[in-house]
Amino acid sequence: VVPYVELRSMSGAPDWMAGVFAYRGQVLSVLDLVQAATGSRCPVRWSSRIVIVRLPGADQQLLGLLTEHVTTTQWSGEPLQQSIAEPTHPRRSHVP
């Protein structure tokens with residue numbers, strides 16, 4: 001988990017793609033979970049964070065998840081078995 005940082009936008013990316021940033025020598029894509037869930041961008045707050053996750057089955061491939069109100073984290077020790085699906089929003093008429 002890292003604090004919110006300024007992200008570089010990506011031309012032509014869907015609304016829920018917040019942008020990219022450099023993290024430990026890698027360029028990480030960051031998905032805006034608030035945008036994907038509510039249709040509104042994640043507000044910049046002291047509690048807004050980027051949660052770094054390792055993609056299942058991908059060798060060292062990381063992804064950032066932008067969310068708000070993150071104050072603590074807890075590791076379950078169990079790897080995620082679900083695949084990451086493209087987020088959709090009911091008010092969106094077109095999903096790229």
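## A walk through the strands

You are looking at a predicted model, in which local features need pLDDT of at least 70, side-chain atom pairs count only at pLDDT 80 or more, and totals for chains, interfaces and linings use all residues. Residues are numbered from 1 along each chain as its sequence is written, and side-chain values use heavy atoms, with hydrogens and water left out.

Next, colour S4 and S5 (residues 62-67), an antiparallel pair with six bridges. Strands count as paired if DSSP finds at least two bridges between them.

Select Pro-3 to find Arg-49 of S4 opposite.

Zoom out to see the whole chain: one helix and five strands, in the order β-β-β-α-β-β from the N terminus. These elements are DSSP runs numbered from the N terminus, helices being H or I with at least four residues and strands E with at least two.

For the last stop, select Leu-31 in strand S3 (residues 26-32). Is Leu-31 buried or exposed? Leu-31 is buried, at a relative accessible area of 11%; buried means under 20%, exposed over 50% and partly exposed in between, with a 1.4 Å probe and protein chains only. Beyond neighbours within four places in sequence, Leu-31 has contacts that include Trp-16, Met-17, Leu-63 and Leu-65, a contact being heavy atoms within 4.5 Å. Leu-63 sits 32 residues from Leu-31 in sequence, with 7.9 Å between their C-alpha atoms.
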